[in-house]
Amino acid sequence: MKSSLLTSNKLSPSTKYDIMIKKCDICLMKYNKLDPVAAHRHKEFHDVQTKGLKWAVSNYLKNSKFALKPLNSSLKNSRGTRDIFQMLSGSQHHQPLTPENSQRSTNFNPQEDSACGEYIIEIQKENVQEVKLALRLLDFVNEELTAPKDENDFWISGNGKCFVFIKDGRAVGVITLEDLVSTHYTMKWMILSTKEIVEHVNPRFLAGVSRIWVSKQYRRNGIALKLLETARRSFCFGVELKPLQIAWSQPSESGSKTAKKFNSVLHKSGELLIPVYF
Ligand SMILES: CC(C)(COP(=O)(O)OP(=O)(O)OC[C@H]1O[C@@H](n2cnc3c(N)ncnc32)[C@H](O)[C@@H]1OP(=O)(O)O)[C@@H](O)C(=O)NCCC(=O)NCCS
Ligand SMILES: [Zn+2]
């Protein structure tokens with residue numbers, strides 16, 4: 001038995017460690033596989049990392065007091081995902097958010113739209129259950145990014161917004177954006193290739209991406225770009241932000257690649273720059 005093996009004095013400490021500690025090849029979590037609590041924690045983390053967090057949409061449907069507020073329906077349709085993105089990013093199919101069509105949210109028929117299985121919601125801070133789920137999702141995100149956990153809830157107090165991408169009953173993507181207008185953050189351009197900061201220029205950006213995350217199984221399907229587009233159009237009621245008014249906070253490797261596509265700018269030196277804040 002493994003436990004008796006572990007107490008054996010014949011084993012070196014590193015062999016004992018190897019027997020106990022497993023690193024999952026998929027979610028990369030290291031855990032003590034002999035500890036049931038750790039194994040359970042891994043299962044939970046692994047599930048969210050790969051497939052997203054179960055989002056109890058059906059409960060909301062049964063209980064009408066939890067109204068879902070869809071911002072965009074990026075539906076699987078015969079036109080394919082490229083067109084879906086065009087729909088969100090300004091083709092003829094796109095309708096800018098206006099009081100009239102944002103009003104549609106109250107007429108939204110969750111049953112009908114959720115049949116398509118894919119949509120983005122803005123978390124409503126008065127919806128306690130939704131807020132709780134979003135915070136739980138952000139805890140998993142922080143765990144993957146090894147980011148501080150105390151930066152999760154600024155959007156609840158009205159200094160930003162949180163949008164969640166739901167697919168087939170799971171939250172598979174999330175973005176939190178903070179309002180930078182009345183903050184004292186330092187805002188700069190960052191050279192994408194070297195990660196160096198351009199020192200002597202002091203741009204001002206309006207909103208900052210605090211967190212953005214997509215579950216592993218759905219990466220490279222344009223979900224992050226859809227979240228960014230939705231946030232850009234809906235962050236400020238009645239005003240669409242321009243991509244270059246949105247900055248990144250300590251972009252990760254994949255975050256930098258997304259930023260390159262979403263809002264990089266070519267400097268005359270030939271370098272690509274992205275907006276950052278810290
Ligand atoms: C960053 C992240 C949110 C991107 O999500 P995503 O849904 O896969 O991104 P998209 O599919 O919308 O990518 C849009 C474009 O960004 C670029 N891109 C994004 N991730 C990339 C990667 N890993 N490698 C190369 N290019 C990438 C590509 O140009 C891509 O377009 P393409 O697929 O047509 O080539 C996701 O990788 C993630 O959750 N990473 C872990 C958390 C994290 O690091 N968050 C960023 C913190 S700043
Ligand atoms: Zn795992």
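The exposed residues Glu253 and Lys261 lie on the face of helix H11 (253-263) that is turned away from its buried side. The model is predicted. In it, H11 also gives the most residues to the shell around ligand 1, namely five.

**Helix H11**
- Thr258, Ala259 and Asn263 are the buried residues of H11.
- Viewed down the helix axis, these buried residues fall within an arc of 105°, so they line one face of H11.
- An α-helix has 3.6 residues a turn, so residues three or four places apart point the same way.
- The packing partners of the buried residues of H11 are H10, strand E10 (246-248) and strand E12 (272-277).

**Surroundings of ligand 1**
- Ligand 1 is surrounded by 20 residues, and the closest are Arg219, Ala224, Ser252, Ser254 and Gly255.
- Two or more residues of this shell come from each of helix H9 (128-145), strand E9 (207-214), helix H10 (223-234) and helix H11 (253-263).
- By residue class, the shell around ligand 1 comprises nine nonpolar, six polar and five charged residues.

**Phe140 in helix H9**
- Helix H9, one of the elements that give two or more residues to the ligand 1 shell, contains Phe140.
- Phe140 counts as buried because 21 other C-beta atoms lie within 10 Å, the threshold being 20 or more.
- Leaving aside residues up to four places away in sequence, Phe140 touches Phe45, Val48 and Leu53.
- Between Phe140 and Trp213 there are 73 residues of sequence separation, while their C-alpha atoms are 9.8 Å apart in space.

Conventions:
Residues are numbered from 1 along each chain as its sequence is written. Chains are lettered from A and ligands numbered from 1 in the order in which they are written. This is a predicted model: local features need pLDDT of at least 70, side-chain atom pairs count only at pLDDT 80 or more; totals for chains, interfaces and linings use all residues. A residue is near a molecule or strand if its C-beta atom, placed from the backbone, lies within 6 Å of it. Helices (H or I, at least four residues) and strands (E, at least two) are DSSP runs, numbered from the N terminus. Ala, Val, Leu, Ile, Met, Phe, Trp, Tyr, Cys and Pro count as nonpolar, Asp, Glu, Lys and Arg as charged, and the others, Gly among them, as polar. A residue is buried if 20 or more other C-beta atoms lie within 10 Å of its own, exposed if 12 or fewer, and partly exposed in between; C-beta atoms are placed from the backbone. Two residues are in contact if their C-beta atoms, placed from the backbone, lie within 7 Å. The arc is that of the directions from the helix axis to the C-beta atoms.
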